[in-house]
Amino acid sequence: MTGQVYKSTGSWYTVKTNLGQTYECRIKGKFRLKGIKSTNPIAVGDIVDFELETDNNQESGIIHKIHDRKNYIVRKSVNLSKQTHIIAANLDQVFLMITIDNPPTLTSFIDRFLVTANAYSIKTVLLFNKIDVYNTETLNEVKYLAHIYRKIGYECIGVSAKTGKNIDKVKALMEGKISMFSGHSGVGKSTLVNTIEPNLNIKTKEISLQHSQGQHTTTFAEMFDLNFDAKIIDTPGIKGFGVVNMDKEEIGDYFPEFFALKQDCKFNNCLHVKEPKCAVKEALDSGDIEFSRYRSYLQIIEGEDEHYRTDIWDNQ
(Lines give C-alpha, C1' and ligand atoms only; values in the text may rest on other atoms or scores of the structure.)
Protein backbone atom coordinates (compact mmCIF):
# COMPACT_ATOMS: atom_id res chain seq x y z
CA MET A 1 0.00 0.00 0.00
CA THR A 2 1.07 3.59 -0.63
CA GLY A 3 0.23 6.67 1.39
CA GLN A 4 1.41 10.04 2.63
CA VAL A 5 2.74 10.70 6.14
CA TYR A 6 0.43 13.09 7.99
CA LYS A 7 2.02 12.93 11.44
CA SER A 8 5.25 11.74 12.97
CA THR A 9 5.75 11.22 16.69
CA GLY A 10 9.27 9.85 16.38
CA SER A 11 8.38 6.17 16.51
CA TRP A 12 4.93 6.00 14.91
CA TYR A 13 3.75 7.58 11.68
CA THR A 14 0.17 8.34 10.68
CA VAL A 15 -0.14 7.45 6.99
CA LYS A 16 -3.14 8.29 4.80
CA THR A 17 -3.86 6.51 1.51
CA ASN A 18 -5.40 8.02 -1.62
CA LEU A 19 -8.68 6.36 -0.61
CA GLY A 20 -8.69 8.31 2.65
CA GLN A 21 -7.84 5.37 4.89
CA THR A 22 -5.52 6.16 7.82
CA TYR A 23 -3.04 3.71 9.35
CA GLU A 24 -0.56 3.95 12.20
CA CYS A 25 2.77 2.72 10.86
CA ARG A 26 6.30 2.15 12.12
CA ILE A 27 9.65 1.19 10.70
CA LYS A 28 11.76 -1.83 11.53
CA GLY A 29 15.42 -1.30 12.34
CA LYS A 30 17.40 1.66 11.01
CA PHE A 31 16.13 3.37 7.91
CA ARG A 32 18.96 5.27 6.24
CA LEU A 33 18.61 7.67 3.34
CA LYS A 34 21.46 8.16 0.90
CA GLY A 35 23.36 11.37 1.52
CA ILE A 36 21.27 12.48 4.50
CA LYS A 37 22.42 12.12 8.10
CA SER A 38 19.05 12.68 9.70
CA THR A 39 17.61 12.05 13.12
CA ASN A 40 14.22 11.33 11.52
CA PRO A 41 14.42 9.34 8.30
CA ILE A 42 10.69 9.75 7.65
CA ALA A 43 9.01 13.15 7.75
CA VAL A 44 5.53 14.60 7.39
CA GLY A 45 4.75 14.88 3.69
CA ASP A 46 6.73 11.80 2.69
CA ILE A 47 5.14 9.32 0.29
CA VAL A 48 5.76 5.81 1.62
CA ASP A 49 5.01 2.19 0.82
CA PHE A 50 3.88 0.01 3.72
CA GLU A 51 2.57 -3.46 4.45
CA LEU A 52 -0.26 -4.16 6.85
CA GLU A 53 0.09 -6.45 9.85
CA THR A 54 -2.21 -7.39 12.69
CA ASP A 55 -0.81 -7.06 16.21
CA ASN A 56 -3.06 -7.69 19.25
CA ASN A 57 -6.13 -7.37 17.02
CA GLN A 58 -4.93 -3.90 15.99
CA GLU A 59 -4.15 -3.35 12.30
CA SER A 60 -1.00 -1.31 11.71
CA GLY A 61 1.61 -0.94 9.01
CA ILE A 62 5.33 -1.48 8.48
CA ILE A 63 6.97 1.13 6.23
CA HIS A 64 9.50 -0.41 3.86
CA LYS A 65 10.07 2.30 1.23
CA ILE A 66 10.25 6.10 1.02
CA HIS A 67 9.54 7.55 -2.41
CA ASP A 68 11.93 10.14 -3.82
CA ARG A 69 11.24 13.61 -2.42
CA LYS A 70 10.75 16.60 -4.67
CA ASN A 71 12.10 18.75 -1.82
CA TYR A 72 12.37 18.96 1.95
CA ILE A 73 13.32 21.56 4.54
CA VAL A 74 15.80 20.83 7.31
CA ARG A 75 17.27 22.30 10.48
CA LYS A 76 20.09 21.29 12.80
CA SER A 77 19.16 18.46 15.12
CA VAL A 78 18.67 19.16 18.80
CA ASN A 79 21.82 17.65 20.29
CA LEU A 80 23.73 16.27 17.31
CA SER A 81 25.11 19.24 15.37
CA LYS A 82 26.39 17.07 12.53
CA GLN A 83 22.95 15.64 11.88
CA THR A 84 19.84 17.23 10.50
CA HIS A 85 16.17 17.08 11.38
CA ILE A 86 13.83 17.06 8.39
CA ILE A 87 10.90 19.32 9.24
CA ALA A 88 8.69 18.35 6.29
CA ALA A 89 8.93 17.00 2.75
CA ASN A 90 7.24 17.42 -0.65
CA LEU A 91 6.12 20.99 -0.02
CA ASP A 92 4.64 23.38 -2.55
CA GLN A 93 5.32 26.43 -0.40
CA VAL A 94 6.12 27.71 3.07
CA PHE A 95 4.49 30.59 4.89
CA LEU A 96 6.98 32.10 7.32
CA MET A 97 5.12 34.02 9.99
CA ILE A 98 6.80 37.13 11.37
CA THR A 99 5.99 39.43 14.27
CA ILE A 100 7.85 42.64 15.09
CA ASP A 101 7.48 42.16 18.82
CA ASN A 102 5.68 39.88 21.25
CA PRO A 103 7.71 37.86 20.18
CA PRO A 104 10.28 39.64 17.98
CA THR A 105 11.43 37.98 14.75
CA LEU A 106 15.00 38.99 13.88
CA THR A 107 16.06 39.49 10.27
CA SER A 108 18.89 37.01 10.85
CA PHE A 109 16.30 34.31 11.55
CA ILE A 110 14.25 35.29 8.49
CA ASP A 111 17.32 35.23 6.25
CA ARG A 112 18.52 31.83 7.49
CA PHE A 113 15.10 30.37 6.87
CA LEU A 114 14.93 31.87 3.37
CA VAL A 115 18.40 30.57 2.50
CA THR A 116 17.45 27.03 3.47
CA ALA A 117 14.11 27.15 1.64
CA ASN A 118 15.79 28.60 -1.45
CA ALA A 119 18.48 25.89 -1.36
CA TYR A 120 15.78 23.22 -1.55
CA SER A 121 13.70 25.11 -4.14
CA ILE A 122 10.77 25.81 -1.83
CA LYS A 123 8.75 28.96 -2.43
CA THR A 124 8.42 31.12 0.69
CA VAL A 125 5.77 33.74 1.43
CA LEU A 126 6.33 36.12 4.35
CA LEU A 127 3.30 36.74 6.56
CA PHE A 128 3.57 39.73 8.89
CA ASN A 129 1.07 38.82 11.58
CA LYS A 130 -0.66 40.79 14.37
CA ILE A 131 -0.85 44.01 12.33
CA ASP A 132 -4.16 44.74 14.09
CA VAL A 133 -2.34 45.50 17.37
CA TYR A 134 0.64 47.50 16.06
CA ASN A 135 1.06 51.24 16.58
CA THR A 136 2.21 53.61 13.83
CA GLU A 137 5.90 53.13 14.58
CA THR A 138 5.67 49.34 14.50
CA LEU A 139 3.59 49.38 11.32
CA ASN A 140 6.28 51.49 9.67
CA GLU A 141 8.80 48.82 10.66
CA VAL A 142 6.57 46.18 9.03
CA LYS A 143 6.43 48.28 5.85
CA TYR A 144 10.21 48.70 5.85
CA LEU A 145 10.84 44.96 6.25
CA ALA A 146 8.27 44.14 3.59
CA HIS A 147 10.02 46.60 1.26
CA ILE A 148 13.37 44.84 1.83
CA TYR A 149 12.02 41.41 0.95
CA ARG A 150 9.66 42.46 -1.85
CA LYS A 151 12.62 44.17 -3.54
CA ILE A 152 14.40 40.82 -3.81
CA GLY A 153 11.36 38.91 -5.02
CA TYR A 154 9.52 37.61 -1.96
CA GLU A 155 5.76 37.99 -1.57
CA CYS A 156 4.88 39.75 1.69
CA ILE A 157 1.40 39.94 3.19
CA GLY A 158 0.26 41.75 6.32
CA VAL A 159 -2.27 39.61 8.15
CA SER A 160 -4.23 39.41 11.36
CA ALA A 161 -5.14 35.96 12.56
CA LYS A 162 -7.59 37.49 15.03
CA THR A 163 -9.45 39.93 12.74
CA GLY A 164 -9.09 37.86 9.56
CA LYS A 165 -7.36 40.62 7.58
CA ASN A 166 -5.98 39.29 4.27
CA ILE A 167 -6.76 35.69 5.22
CA ASP A 168 -8.59 35.42 1.89
CA LYS A 169 -5.30 36.19 0.09
CA VAL A 170 -3.52 33.45 2.04
CA LYS A 171 -6.27 30.93 1.29
CA ALA A 172 -6.14 31.78 -2.42
CA LEU A 173 -2.39 31.01 -2.44
CA MET A 174 -3.02 27.71 -0.65
CA GLU A 175 -5.62 26.22 -3.01
CA GLY A 176 -4.47 22.95 -4.56
CA LYS A 177 -1.17 22.99 -2.66
CA ILE A 178 0.64 21.59 0.37
CA SER A 179 1.67 24.54 2.54
CA MET A 180 3.80 24.58 5.67
CA PHE A 181 3.39 27.28 8.31
CA SER A 182 6.48 28.07 10.35
CA GLY A 183 7.95 30.71 12.65
CA HIS A 184 8.73 31.36 16.30
CA SER A 185 6.38 30.12 19.00
CA GLY A 186 3.88 32.86 19.75
CA VAL A 187 3.74 34.43 16.27
CA GLY A 188 0.22 33.09 15.86
CA LYS A 189 0.61 30.02 13.66
CA SER A 190 -2.06 27.97 15.40
CA THR A 191 -4.44 30.94 15.64
CA LEU A 192 -4.01 31.60 11.92
CA VAL A 193 -4.60 27.95 11.03
CA ASN A 194 -7.75 27.97 13.15
CA THR A 195 -8.89 31.13 11.35
CA ILE A 196 -8.32 29.47 7.97
CA GLU A 197 -10.03 26.24 9.06
CA PRO A 198 -12.00 26.71 12.33
CA ASN A 199 -12.97 23.02 12.49
CA LEU A 200 -9.36 22.02 13.19
CA ASN A 201 -9.40 23.75 16.60
CA ILE A 202 -5.62 23.56 17.08
CA LYS A 203 -4.53 24.43 20.62
CA THR A 204 -3.11 27.90 21.25
CA LYS A 205 -1.41 29.49 24.24
CA GLU A 206 -0.76 33.05 25.31
CA ILE A 207 2.59 34.81 25.12
CA SER A 208 4.85 34.50 28.15
CA LEU A 209 4.94 38.05 29.57
CA GLN A 210 8.23 37.42 31.31
CA HIS A 211 10.20 36.54 28.21
CA SER A 212 7.92 37.84 25.41
CA GLN A 213 8.03 34.39 23.88
CA GLY A 214 5.33 32.03 22.81
CA GLN A 215 4.59 28.97 24.87
CA HIS A 216 5.22 25.85 22.86
CA THR A 217 1.94 24.22 21.78
CA THR A 218 2.72 22.07 18.72
CA THR A 219 4.94 19.12 19.67
CA PHE A 220 5.19 17.42 16.28
CA ALA A 221 4.68 18.53 12.71
CA GLU A 222 1.28 17.46 11.45
CA MET A 223 -0.55 17.75 8.13
CA PHE A 224 -4.25 18.53 7.84
CA ASP A 225 -6.72 18.34 4.94
CA LEU A 226 -8.68 21.56 4.56
CA ASN A 227 -12.17 21.98 3.13
CA PHE A 228 -11.07 24.06 0.13
CA ASP A 229 -8.69 21.68 -1.69
CA ALA A 230 -5.59 22.46 0.32
CA LYS A 231 -3.28 20.76 2.79
CA ILE A 232 -1.51 22.48 5.63
CA ILE A 233 1.46 21.41 7.74
CA ASP A 234 1.58 22.94 11.22
CA THR A 235 5.04 22.83 12.80
CA PRO A 236 6.58 23.34 16.25
CA GLY A 237 7.76 26.89 16.94
CA ILE A 238 11.42 27.50 16.17
CA LYS A 239 13.72 29.52 18.41
CA GLY A 240 16.48 29.58 15.83
CA PHE A 241 17.32 28.18 12.45
CA GLY A 242 20.73 26.64 11.82
CA VAL A 243 21.81 26.41 8.19
CA VAL A 244 23.21 22.97 7.36
CA ASN A 245 24.82 21.08 4.49
CA MET A 246 26.07 24.15 2.63
CA ASP A 247 29.55 25.14 1.49
CA LYS A 248 30.62 28.74 2.00
CA GLU A 249 31.01 29.19 -1.74
CA GLU A 250 27.35 28.38 -2.46
CA ILE A 251 25.61 30.33 0.32
CA GLY A 252 25.66 33.60 -1.63
CA ASP A 253 23.76 31.89 -4.45
CA TYR A 254 20.75 31.56 -2.13
CA PHE A 255 20.63 35.32 -1.54
CA PRO A 256 18.80 36.36 -4.76
CA GLU A 257 20.23 39.88 -4.82
CA PHE A 258 23.78 38.52 -4.37
CA PHE A 259 23.33 35.90 -7.06
CA ALA A 260 22.10 38.53 -9.53
CA LEU A 261 25.40 40.41 -9.15
CA LYS A 262 27.73 37.42 -8.98
CA GLN A 263 28.76 37.63 -12.63
CA ASP A 264 29.94 41.21 -12.12
CA CYS A 265 32.47 40.28 -9.41
CA LYS A 266 36.12 40.19 -10.50
CA PHE A 267 36.59 36.64 -9.22
CA ASN A 268 34.29 33.74 -10.08
CA ASN A 269 34.67 32.31 -6.57
CA CYS A 270 34.17 35.66 -4.82
CA LEU A 271 32.91 35.26 -1.24
CA HIS A 272 31.93 38.96 -1.11
CA VAL A 273 34.04 39.56 1.98
CA LYS A 274 37.59 40.80 1.35
CA GLU A 275 37.95 40.35 -2.41
CA PRO A 276 38.64 43.43 -4.59
CA LYS A 277 36.13 44.66 -7.16
CA CYS A 278 33.24 42.79 -5.56
CA ALA A 279 29.91 43.78 -7.08
CA VAL A 280 28.02 42.75 -3.95
CA LYS A 281 30.07 45.00 -1.66
CA GLU A 282 29.76 47.85 -4.17
CA ALA A 283 25.97 47.40 -4.10
CA LEU A 284 26.11 47.36 -0.31
CA ASP A 285 28.01 50.66 -0.30
CA SER A 286 25.51 52.23 -2.70
CA GLY A 287 22.52 51.03 -0.67
CA ASP A 288 21.21 48.65 -3.32
CA ILE A 289 21.80 45.73 -0.93
CA GLU A 290 20.46 46.03 2.60
CA PHE A 291 22.98 45.91 5.44
CA SER A 292 20.79 43.51 7.44
CA ARG A 293 20.95 41.00 4.58
CA TYR A 294 24.72 41.31 4.25
CA ARG A 295 25.14 40.95 8.01
CA SER A 296 23.07 37.74 7.92
CA TYR A 297 25.22 36.45 5.06
CA LEU A 298 28.42 37.08 7.02
CA GLN A 299 27.00 35.33 10.09
CA ILE A 300 26.13 32.27 8.04
CA ILE A 301 29.45 31.90 6.22
CA GLU A 302 31.39 32.53 9.42
CA GLY A 303 29.33 29.94 11.29
CA GLU A 304 27.92 32.39 13.82
CA ASP A 305 24.52 32.02 15.42
CA GLU A 306 21.66 34.52 15.46
CA HIS A 307 22.62 35.96 18.87
CA TYR A 308 21.00 32.94 20.49
CA ARG A 309 21.12 29.19 20.02
CA THR A 310 20.23 28.14 16.50
CA ASP A 311 19.74 24.42 16.83
CA ILE A 312 16.77 23.88 19.11
CA TRP A 313 13.01 23.82 19.01
CA ASP A 314 11.13 25.57 21.77
CA ASN A 315 10.78 23.49 24.94
CA GLN A 316 12.89 20.60 23.67
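Colleague: How much space lies in the largest cavity, and what makes a space a cavity?

Modeller: About 30 Å³ of space lies in the largest cavity, where a volume is the space filled by probe spheres set on grid points joined across faces, edges and corners. A cavity is a set of points, on a 1 Å grid over the protein atoms alone, where a 1.4 Å probe fits but cannot get out. The model is predicted, so local features need pLDDT of at least 70 and side-chain atom pairs 80 or more, while totals for chains, interfaces and linings use all residues. Residues are numbered from 1 along each chain as its sequence is written, and side-chain values use heavy atoms, without hydrogens and water.

Colleague: Which residues line the largest cavity?

Modeller: Ile-148, Lys-151, Ile-152, Glu-257, Asp-288, Ile-289, Glu-290 and Arg-293 line it, each having an atom within 4 Å of a point. Five of the lining residues are charged, three are nonpolar and none is polar, with Asp, Glu, Lys and Arg counted as charged.

Colleague: Why is helix 1 called mostly covered?

Modeller: Eleven of its 13 residues are buried, meaning under 20% relative accessible area with a 1.4 Å probe and protein chains only; among them are Phe-109, Ile-110 and Phe-113.

Colleague: How do you know that the span of helix 1 agrees with its 13 residues?

Modeller: The expected span is 1.5 Å times one less than the number of residues, so helix 1 should span 18 Å, and its end C-alpha atoms are 18 Å apart, which agrees. Just after helix 1, Ser-121 takes a positive phi of about 55°.

Methods:
On a 1 Å grid over the protein atoms alone, a cavity is a set of points where a 1.4 Å probe fits but cannot get out, and a pocket is an open set with protein on both sides within 12 Å along at least five of seven lines; lining residues have an atom within 4 Å of a point. Helices (H or I, at least four residues) and strands (E, at least two) are DSSP runs, numbered from the N terminus. Buried means under 20% relative accessible area, exposed over 50%, partly exposed in between (1.4 Å probe, protein chains only).
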